[in-house]
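Me: I am new to this structure and would like to go through it step by step. Could we look at it together?

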There are 4 protein chains.
Amino acid sequence: MTKPLNIGMIGYGFMGRTHSNAYKRVNDFFDLAYRPILKAVCGRDEQKVRDFADNWQYESVETEWQQLIARDDIDAIDICSPNNTHAEIAIAAAEAGKMVLCEKPLSMNVEEGVRMVEAVEKAGVANTVWYNYRRVPAVTLAKQLIDEGRLGRIFHYRAQFLQDWTIDANLPQGGAALWRLDVNAAGSGVTGDLLAHCIDTAIWLNGRIRDVTAMTETFVTERMHNLTGKVEKVGIDDACAFLCHFENGSLGLFESTRYARGHKALYTFEINGEHGSIRWDLHDLHRLEYFDHREESIIRGWHDVHVTDGDMPYMDKWWVPGLQIGYEHTFVHQVADFLEDLANGQPSSPTFREALETQRVCESVLQSAAKRSWSTV
Amino acid sequence: MTKPLNIGMIGYGFMGRTHSNAYKRVNDFFDLAYRPILKAVCGRDEQKVRDFADNWQYESVETEWQQLIARDDIDAIDICSPNNTHAEIAIAAAEAGKMVLCEKPLSMNVEEGVRMVEAVEKAGVANTVWYNYRRVPAVTLAKQLIDEGRLGRIFHYRAQFLQDWTIDANLPQGGAALWRLDVNAAGSGVTGDLLAHCIDTAIWLNGRIRDVTAMTETFVTERMHNLTGKVEKVGIDDACAFLCHFENGSLGLFESTRYARGHKALYTFEINGEHGSIRWDLHDLHRLEYFDHREESIIRGWHDVHVTDGDMPYMDKWWVPGLQIGYEHTFVHQVADFLEDLANGQPSSPTFREALETQRVCESVLQSAAKRSWSTV
Amino acid sequence: MTKPLNIGMIGYGFMGRTHSNAYKRVNDFFDLAYRPILKAVCGRDEQKVRDFADNWQYESVETEWQQLIARDDIDAIDICSPNNTHAEIAIAAAEAGKMVLCEKPLSMNVEEGVRMVEAVEKAGVANTVWYNYRRVPAVTLAKQLIDEGRLGRIFHYRAQFLQDWTIDANLPQGGAALWRLDVNAAGSGVTGDLLAHCIDTAIWLNGRIRDVTAMTETFVTERMHNLTGKVEKVGIDDACAFLCHFENGSLGLFESTRYARGHKALYTFEINGEHGSIRWDLHDLHRLEYFDHREESIIRGWHDVHVTDGDMPYMDKWWVPGLQIGYEHTFVHQVADFLEDLANGQPSSPTFREALETQRVCESVLQSAAKRSWSTV
Amino acid sequence: MTKPLNIGMIGYGFMGRTHSNAYKRVNDFFDLAYRPILKAVCGRDEQKVRDFADNWQYESVETEWQQLIARDDIDAIDICSPNNTHAEIAIAAAEAGKMVLCEKPLSMNVEEGVRMVEAVEKAGVANTVWYNYRRVPAVTLAKQLIDEGRLGRIFHYRAQFLQDWTIDANLPQGGAALWRLDVNAAGSGVTGDLLAHCIDTAIWLNGRIRDVTAMTETFVTERMHNLTGKVEKVGIDDACAFLCHFENGSLGLFESTRYARGHKALYTFEINGEHGSIRWDLHDLHRLEYFDHREESIIRGWHDVHVTDGDMPYMDKWWVPGLQIGYEHTFVHQVADFLEDLANGQPSSPTFREALETQRVCESVLQSAAKRSWSTV
């Protein structure tokens with residue numbers, strides 16, 4: 001029999017939906033010791049939070065996150081509110097002995113992140129950060145292939161995350177769905193929002209980053225602010241790119257922007273090693289491309305692997321070969337792994353501590369861009 | 001408030017899972033008047049059906065479909081059992097005044113199909129057949145583009161459904177997961193299993209088929225039968241291809257096989273019209289390729305449309321642009337449409353009557369192959 | 001030192017250009033015993049043939065092909081004139097002891113083809129037909145992979161040749177560049193023009209075809225004739241498709257049309273065997289896709305082979321890995337092979353006799369379509 | 001009538017072949033006032049240069065470039081010898097009043113380049129540098145689309161040139177075919193060899209580069225030297241990447257390496273503008289991808305343009321739609337343009353002066369990498 005795990009969700013935006021869906025679906029597909037229960041959802045706008053609760057069948061609502069944390073019937077706090085709320089909530093939740101699942105990026109900066117790590121580790125509570133792309137089956141398969149040594153020594157790692165949704169200069173910043181454009185709520189622009197994903201995956205697949213040289217750009221420098229109604233200076237970075245050295249001696253190249261026409265959410269990475277290469281792309285997330293130089297020359301070429309067979313990561317839980325899954329399944333996988341780690345008393349990767357490393361790189365990137373010089377992580 | 005709609009599911013195999021998932025998820029994403037309730041699931045093996053019920057949280061189980069139909073607390077019967085059970089169950093369900101949702105193909109042959117149509121129409125019960133691929137957003141978008149006249153007069157329609165899972169001569173036939181290889185349970189091989197999907201989509205997009213010339217092949221002629229334990233003659237078609245004329249004057253080319261190495265579930269179609277063309281493929285179901293000859297020559301080329309924006313069919317219900325959905329969502333969409341049609345008192349396409357037309361084509365195809373001559377539908 | 005081989009070219013259209021280019025270039029890249037000399041070109045319009053000769057640096061011109069054949073300084077006759085002239089010229093050339101290189105298709109029908117084969121074989125002259133696509137390096141590589149047994153037993157062969165240039169009903173038929181639309185000059189439409197290529201490759205790669213069931217269509221039934229200035233009935237097939245059995249037991253599916261919007265010259269084929277599959281497409285002729293089911297599942301996928309390495313067919317003669325060649329090179333390869341075969345006293349494939357087999361299939365296809373019944377080749 | 005233009009070629013390696021082929025073919029396809037004559041080829045190894053001359057039908061040979069320049073019957077000097085010879089030869093040729101066609105990169109460094117520009121401009125001789133990729137029809141089409149303003153304001157430019165041929169640590173450096181690995185002959189590694197191409201195209205398409213931050217890497221630090229037979233320190237860069245600002249305010253990202261498994265000569269670029277985007281890749285050089293955000297959302301997607309129609313740059317000279325050309329044609333196009341510019345008394349782009357700008361960027365890149373700081377061009 002499964003044990004209930006009572007979830008208290010904070011925030012009900014886009015991430016609130018992806019997480020709620022994951023909690024509701026995970027036991028239909030995974031055989032687990034725990035079953036998440038949608039106990040309560042918390043948001044400041046009572047009507048909106050009630051609507052959300054009705055839609056997703058949460059048992060109750062709260063309008064103050066402190067109340068949610070105070071409830072005895074909540075086992076785990078899931079933080080989906082804007083970045084500038086992560087630290088305070090997570091630390092309070094940990095101190096209250098709750099498990100904490102925090103949406104990425106971990107924090108506004110390294111200093112906050114350090115305190116968050118200290119809090120969860122001191123409290124000894126289960127903790128994880130939603131860098132969900134690790135659990136795309138094709139990405140998990142990439143990890144497996146690399147760990148098996150198939151690529152040999154790594155020479156190059158490159159990643160990009162390209163979007164095009166903020167090109168319109170009339171798009172306002174701030175408030176509700178647009179808090180990602182408000183530097184006070186988001187901390188940074190594409191660096192924390194998009195590059196953080198690329199960096200998390202990169203560290204997971206290729207190890208730590210040693211130093212960086214970066215540039216950022218804000219193409220639209222003033223926008224109307226949704227909360228004040230005034231045209232204000234834009235504080236976020238619209239685009240960010242950096243070069244880096246990994247600790248393993250390989251070279252890295254990262255780029256992110258919201259000004260790349262034709263790309264909606266094109267997260268791609270490619271790794272080149274001594275024996276082979278791997279590349280992947282979020283727009284066709286169910287595929288992995290793999291090249292092995294040791295094959296016979298006349299049939300050597302990039303393998304286009306349709307990651308849907310039952311022996312591929314997570315795929316025995318879903319349908320049959322050839323039938324693809326999508327974006328939302330990455331969250332289901334993360335919940336499944338979290339619950340399994342919980343049952344086994346293991347930390348669930350990426351932990352707050354692991355996510356802090358991504359935060360360090362982000363901070364070095366922003367510093368390097370500001371100073372126009374190389375920055376050591 | 002939503003009204004409950006009590007589902008009685010018959011069968012708990014692969015399709016049992018896809019349908020159950022659809023019923024459970026639909027209200028999280030679609031705003032509907034009804035909410036499906038997983039009331040009961042029915043199967044002959046009590047232990048297996050209980051396990052399935054536990055997994056998916058069905059409220060109860062039955063081991064005789066007649067008992068299920070007899071229950072007052074069941075509103076709709078969903079038939080996921082092998083093809084040779086469809087007619088008897090559907091007719092009994094209709095006579096009992098239940099709505100009927102029947103997995104494809106409708107029936108073993110046209111004669112059965114005619115009786116099924118008569119039964120549901122006489123009873124006046126809501127009915128539909130799970131030709132789910134119509135509800136892939138990219139396929140629904142193709143329908144929209146064609147209906148808007150963007151392709152002009154149609155010249156060509158071609159479709160294929162290629163798999164490779166039965167090449168091993170040691171694979172047995174019959175029983176449980178392999179009933180599709182047993183002609184007594186399935187009625188035919190790839191024709192009813194795979195080509196039926198292609199034909200349903202084709203009729204929907206391009207109208208009726210007038211006549212066909214076909215060939216079928218059984219590459220492995222004897223297989224051990226799972227139920228008898230003996231090597232028996234294989235009665236199904238491993239491969240089937242046909243040429244045809246559509247009523248609109250266009251030419252059709254259809255092929256299906258389970259002997260195409262490298263293809264797991266490669267359902268593709270392409271339509272060529274006077275002004276443009278469309279093509280689609282199930283291995284990347286979230287994309288539609290579109291060609292418009294009226295564009296300027298120097299920028300004219302196939303458009304690779306990533307069908308994830310909010311103004312594309314069904315996609316406003318899911319995530320954000322660039323984030324793909326997968327195979328299972330087609331069933332969610334069909335349930336959503338069925339429930340909306342139910343609320344509006346409309347037939348829900350494809351109805352039994354519409355699915356019967358596909359059955360007619362399948363039967364003509366098999367006859368043509370048997371007689372080695374053209375056959376009129 | 002190379003020996004000169006004096007070429008007498010008949011016709012100066014599109015094929016006249018591709019062949020002339022091949023003769024001029026072959027010795028720059030291939031080490032051969034012979035060097036083709038552009039001795040004379042023959043055409044009925046003196047001004048045009050002179051212009052062509054000037055452009056390509058032919059040494060002389062003729063306006064009567066009989067005169068060309070009669071010249072002592074001509075070693076080989078190359079026939080690039082319309083299909084309805086092939087038989088008469090080829091037979092006369094053979095009787096005059098000239099080698100004959102004939103543009104495809106060999107003839108207007110099987111009866112003519114038989115006489116042509118008899119003529120060249122009786123005369124003992126070197127002969128070949130320009131089915132140039134065999135010499136695309138990727139296609140030659142496909143042949144090599146199949147001959148090495150990598151695919152195992154073959155189940156399926158499918159090919160298509162799709163174009164879109166005759167959809168405009170105002171396009172006239174006949175005369176000069178449009179003789180391919182005039183049944184009297186061309187013999188048939190897409191069957192002899194496009195499917196003949198598909199059939200030649202198929203027989204080469206997969207062996208003989210046993211029987212066919214076909215359909216043809218003429219979408220535009222009347223067109224202005226360029227020579228008469230009158231609107232006349234169109235005699236050619238605009239589209240043709242057929243199903244067939246190969247002698248090795250595999251199934252074939254062929255289609256060709258000039259009414260497929262979005263495709264300029266999309267010749268594609270795919271072969272599915274027990275162990276693997278191959279596919280190729282003329283729009284990216286420098287690539288071969290290869291699938292080997294015996295690879296480990298987790299890295300199994302179609303190999304995208306960029307056929308530009310030095311150990312791939314013909315590619316050691318050209319540039320360096322990664323740098324693609326194009327369409328015209330197939331003709332250079334055929335000339336190179338012809339000259340090497342000549343030096344070795346070998347027949348040069350496809351010979352007239354081999355090309356006659358393609359003619360037989362074409363004729364069976366047209367008969368089957370006319371009679372609406374299966375036709376044995 | 002065409003006027004002869006007597007070519008004196010220096011060097012007979014890979015580039016010697018591509019240029020020779022271009023001179024021999026150009027008049028077959030382009031209608032020009034001049035016809036290049038392969039008058040003489042010069043190389044230090046007499047036997048090898050004679051073999052080359054025989055192969056390509058050069059009229060004569062020289063073993064001292066000074067002798068070649070001194071000949072009255074030579075109109076133009078084509079420099080295909082290693083980079084460290086460009087300046088001396090080019091300046092001497094210009095002083096002798098010869099036209100100069102110089103293989104890229106222009107020079108070993110900016111200082112040399114400045115003297116070369118001064119020499120040709122002072123002498124008033126026609127001059128050009130073989131940045132051949134500008135004349136890929138798809139790239140020329142990209143230029144046209146940008147110049148027409150179709151992309152609007154440019155935000156991003158990214159380019160990469162990835163190869164994998166020097167990963168083997170046993171590959172020696174220097175001498176004959178491997179001079180590109182010897183810093184004394186080549187000046188730099190991938191920066192001058194590969195990035196120079198990317199930079200030339202970028203400046204042409206997107207304007208000047210203002211500043212850069214770069215990193216270089218030498219993965220294999222010692223190699224046997226072919227000329228000395230000793231293991232020596234490797235002086236070239238195996239990989240180089242840089243970030244930059246263009247003068248138009250857009251951001252640039254460039255990367256080149258010879259350590260990217262799976263890529264033979266993958267030169268790619270992508271440009272993102274306000275209204276649309278363009279991307280191209282050398283492995284399928286006959287295609288251009290184009291995105292226009294102003295299209296209707298439901299059919300919006302990247303256009304895959306098969307650049308083979310007669311109204312696309314250069315393509316009216318070749319075959320028919322759908323039939324691709326290859327790498328070597330870029331050199332034919334450059335010769336054609338050079339001869340046309342010559343006839344019109346126009347400079348032929350890229351001139352020495354234009355190529356010097358690329359040299360400046362290369363030098364800034366190498367300086368930035370050496371100093372680990374931003375460098376202004």
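Reply: What follows covers how chains are related and how parts of them meet, in a model that is predicted.

Me: How many degrees of rotation superpose chain D on chain B?

Reply: A rotation of 180 degrees, with 0.0 Å of shift along its axis, places chain D on chain B with an RMSD of 0.0 Å. The two copies are thus related as by a two-fold rotation axis.

Me: Which residue of chain D comes closest to that rotation axis?

Reply: That is His303(D), whose C-alpha is 2.2 Å from the axis. The same surface serves both copies, as 100% of the contact residues of chain D recur in chain B.

Me: Now chains A and D. How many residues are in contact?

Reply: On chain A there are 30, in contact with 30 residues of chain D.

Me: Which element of chain A gives the most to that side?

Reply: Strand S12(A) (251–257) gives the most, with 4 residues. Other strands giving two or more residues include S7 (154–162) and S8 (209–217) of chain A.

Me: And the classes of residue there?

Reply: The side of chain A that touches chain D has 14 nonpolar, 11 polar and 5 charged residues.

Me: Changing topic: at what angle do helices H5 and H10 of chain A cross?

Reply: Their axes cross at roughly 175 degrees and come within 9 Å. Angles over 145 degrees count as roughly antiparallel, and H5(A) and H10(A) are therefore roughly antiparallel to each other.

Me: Which residues meet there?

Reply: Among them are Val110(A), Gly113(A) and Met116(A) in H5(A), and Phe352(A), Arg353(A) and Glu363(A) in H10(A). By class, this contact of H5(A) with H10(A) has 7 nonpolar, 2 polar and 3 charged residues.

Key
Residues numbered from 1 in each chain as written. Chains lettered and ligands numbered in written order. Predicted model: local features only at pLDDT ≥ 70, side-chain atom pairs only at ≥ 80, totals over all residues. Least-squares fit on C-alpha atoms with pLDDT ≥ 70 in both. Contact = placed C-beta atoms within 7 Å. Axes fitted to C-alpha atoms, helices over the stretch in contact; angles between N-to-C directions. Parallel < 35°, antiparallel > 145°, perpendicular 65-115°, else oblique. Nonpolar A, V, L, I, M, F, W, Y, C, P; charged D, E, K, R; others polar.
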